[in-house]
Amino acid sequence: VTAAVEHPLYRPVRARIALAAWIAALGALILLVLQLPLSPRFFALVAGWCMVATASLHWLAGRRHDPVFFPARFAVFAFEVVAAAWVAHYIGASSWLATLFLLFPAIEWNMLYPGIWGLMGSLLAVVASGTLIVGEAVGFVPAGAVFPAIDPEYGDPRYALAAFFVSGSVIVGLSTVVSGYAEAGRRQSRELGGANERLREMSEDVRRSHHELEKAYTKLGNTQAELVGAAKLASLGTLIAGVAHEINTPLGALNANHDTIRRALEKLQVILEDETVDEHELDDVRRIVRAIDGVTATNNMAVARMVKMVDSLRTFGRVDRSERDHVDLHEGIESTLAILKQELNGRSIAVVRDFGDLPLVECYPDQVNQVFMNLILNGAQAIRDAGTVTIRTRPAGDAVEVEIQDTGVGIPAENLARIYDPGFTTKEKRMGMGMGLLISRRIIDRHSGELRVDSEPGVGTTFTVRLPVRLQESTDDRPAASTATTESVPAAEAAGAPATYPVQRATTRGGHRATDH
Amino acid sequence: MADTDNATVMIVDDEEMVAMALRSFLELETSYRVLTFTSPEAALEDPAVGDVNVVIADFMMPGMDGITFLRRFREEHPEATRVLLTGYADKENAIRAINEAGLYYYLEKPWSNDHLKLVIRNGVERSTLFAELDERVRALEGANQELREIRRRLVQAFL
């Protein structure tokens, strides 16, 4: 804001010191020329003039003299009060006149400190010193108790003149030093104030940006939660569409068969209305009964299919037990395949099961099944026309591994690092929203498992899920009991934090892989 | 062939229960000969199929979709009226089916027996009418051929 403070006595001060020196020199010259002795009376006069001049200056300058340096000001004031008393004493003025002299510092003090404090200070000074001076003069205070009794010299106006100059130099010098320090202090405090202001602004900026960051953080968390929720809804949509289609077929058959049976019964009724049944009609009856028989067999099939579907759904969603449990992962895989049957069979995708001997795995089955669904669906959707999805399971020490391999288009190396990014998708819009793998990875992370990917463009992709047999839930982020629950997601996770992503292990393999068609 | 009561209806659906439900209904309500297949390849390769008046195919089948099947079936059996029965209705596939397979009707699952019966009866009628037309055209051609032969002989006799 301002230039650095070089010295308390800033530039205009030097001019004032020069002025004071000139005045002092002039005073001394007068003393020399007039050959005046330096008597106490002379000093009394100097002090008196100092007081008068200071008061007058302050009077004239008004409040432009900031009362910055209070102790210095007070010292000057006290000095003035005492000086007034001395002057009054030595010029031999009456005690009443001396009291009037005291008005000068009082006025000055009031100018500096207007208001109640100035007034009180002035009154105190006037009363205190007035009491002493007047008291001595009237004999109330013993003579010589306050001021030494020195025989005054009267009448020489030369003293007054010399004293005027000497006091002038004292005043200028004193005020220069005082105001110099005051100005320096003001400057310093101004600078400090400026720096302080800047600091305050900076801290305000920091606070504001912190607040904004916080807001963004919250928003990010919310968006992430919303996305996860939406993705869950989307996968729920896939699930429902699959189920609806799967149920539609047996339902269609049942619906038609119901109508067929009704018709058959009507026909039988018509035939049986006659008392007699001839050979031709008997043939009809046989035909009708055969039809009913066929229809019933079909109905059995349809009902069995629907029961199986509902069973699969229950296994998949673990409607009956959504808490952690020891489960046979094959069951979950089978139920997932049953739900995705439409997606797979409808598109000439063969499913190969290469199941090993797995122990029961402690996990949240509904969540793990969601991972299987995401991965199998991804595999199926990566296949353009016809292809194979191979599901391999095997025990691996105190863990199990489930490998889901497709013969799809594969993932180019440059995309491998991004597959877990929220919203990253290469599918058409209607197929997904790019959250499946992120959700899967999070579920596996929470199970303290691993999700690895190997992919070769044009050959296919293999996702490997590794789950510990005994569930060690990672961190405090306990899996939600239900897949329908939307959880809030730590924004750090949402933002990527790629270092913690197991995708670092992702590799693109050269050469061909063994696929079992 | 002209006898609509003895027409042949072929049903191709990978879901046995659908094929069976259709067969049961048709056997009860009509006197058509009903052939059911759960695999489109088997339907194409079966040598005992003979003439087919109406062919009803499912859309989503493993191995071959209904549209491809109907297109290929038309090559061998142009006389058959083609019907697609689908649980997966979308405009794109409907248009494809009509254009590629010369589809007569597009039925959605779940179907209504009455509607199905009507579609099949119309299909059979259409097929028999085509067959009749075909027969008449052939008869006409035969007669024409005969006339030409007579004319040729007449010309020969005169020369």
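**Close-up views of a predicted two-chain model**

**View 1. Helices α3(B) and α4(B) are roughly parallel to each other, because the angle between them falls under 35 degrees.** In this predicted model, helix α3 (residues 66-76) of chain B packs against helix α4 (residues 91-101) of chain B at an angle of about 10 degrees, and their axes are 9 Å apart. On the side of α3(B), the contact is made by B:Ile67, B:Thr68, B:Leu70, B:Arg71 and B:Arg74, while α4(B) contributes B:Asn93, B:Arg96, B:Ala97, B:Glu100 and B:Ala101. Sorted by class, the residues in this contact of α3(B) with α4(B) are 4 nonpolar, 2 polar and 4 charged.

**View 2. Helices α1(B) and α5(B) are roughly perpendicular to each other, because their angle lies in the range from 65 to 115 degrees.** Helix α1 (residues 16-29) of chain B and helix α5 (residues 113-158) of chain B pack at about 70 degrees, with a distance of 11 Å between their axes, and α1(B) passes α5(B) in a right-handed crossing. The residues that meet here are B:Leu22, B:Phe25, B:Leu26 and B:Glu29 in α1(B), and B:Asn113, B:Leu116, B:Lys117 and B:Ile120 in α5(B). By class, this contact of α1(B) with α5(B) has 5 nonpolar residues, 1 polar residue and 2 charged residues.

**View 3. Helix α1(B) is mostly covered, with 10 of its 14 residues buried.** The buried residues of α1(B) include B:Leu22, B:Phe25, B:Leu26 and B:Glu29, and these four also meet residues of α5(B). Also buried in α1(B) are B:Met17, B:Val18, B:Ala19, B:Ala21, B:Ser24 and B:Leu28. From its first C-alpha to its last, α1(B) reaches 20 Å, which is close to the 20 Å expected for its 14 residues at 1.5 Å a residue.

**View 4. A cis peptide bond joins B:Lys109 to B:Pro110.** The omega angle of this bond is near -10 degrees, whereas most peptide bonds are trans. B:Pro110 lies in the loop between β5 (105-108) and α5 of chain B, and α5(B) is the helix that packs against α1(B).

**View 5. A:Ser448 has a positive phi, in a residue other than glycine.** Its phi is near 55 degrees, whereas most residues other than glycine have a negative phi. A:Ser448 is placed in the loop between α13 (436-446) and β6 (450-456) of chain A.

**View 6. A:Thr407 lies in the loop between β5 (399-406) and α12 (413-416) of chain A.** At 23% relative accessibility, A:Thr407 counts as partly exposed. Although A:Thr407 and A:Val389 are 18 residues apart in sequence, they are 6.7 Å apart in space, C-alpha to C-alpha.

**View 7. The two chains provide the setting for the preceding close-ups.** Chain B comes to 5 helices and 5 strands, and from the N terminus on its elements run β-α-β-α-β-α-β-α-β-α. Of the 159 residues in chain B, 43% are buried, and among its contacts between residues at least 6 apart in sequence, 65% join residues at least 24 apart. Chain A comes to 14 helices and 7 strands, and buried residues make up 44% of its 517 residues. Among contacts in chain A between residues at least 6 apart in sequence, 78% join residues at least 24 apart.

Note on methods:
Residues are numbered from 1 along each chain as its sequence is written. Chains are lettered from A and ligands numbered from 1 in the order in which they are written. This is a predicted model: local features need pLDDT of at least 70, side-chain atom pairs count only at pLDDT 80 or more; totals for chains, interfaces and linings use all residues. Side-chain values use heavy atoms; hydrogens and water are left out. Axes are lines fitted to C-alpha atoms, for helices over the stretch in contact, and angles run from 0 to 180 degrees between N-to-C directions. Helices (H or I, at least four residues) and strands (E, at least two) are DSSP runs, numbered from the N terminus. Angles under 35 degrees count as roughly parallel, over 145 as roughly antiparallel, 65 to 115 as roughly perpendicular and the rest as oblique. A crossing is left-handed if the near helix is turned anticlockwise from the far one by less than a right angle, and right-handed if clockwise. Contact means heavy atoms within 4.5 Å. Ala, Val, Leu, Ile, Met, Phe, Trp, Tyr, Cys and Pro count as nonpolar, Asp, Glu, Lys and Arg as charged, and the others, Gly among them, as polar. The expected span of a helix is 1.5 Å times one less than its number of residues. Buried means under 20% relative accessible area, exposed over 50%, partly exposed in between (1.4 Å probe, protein chains only).
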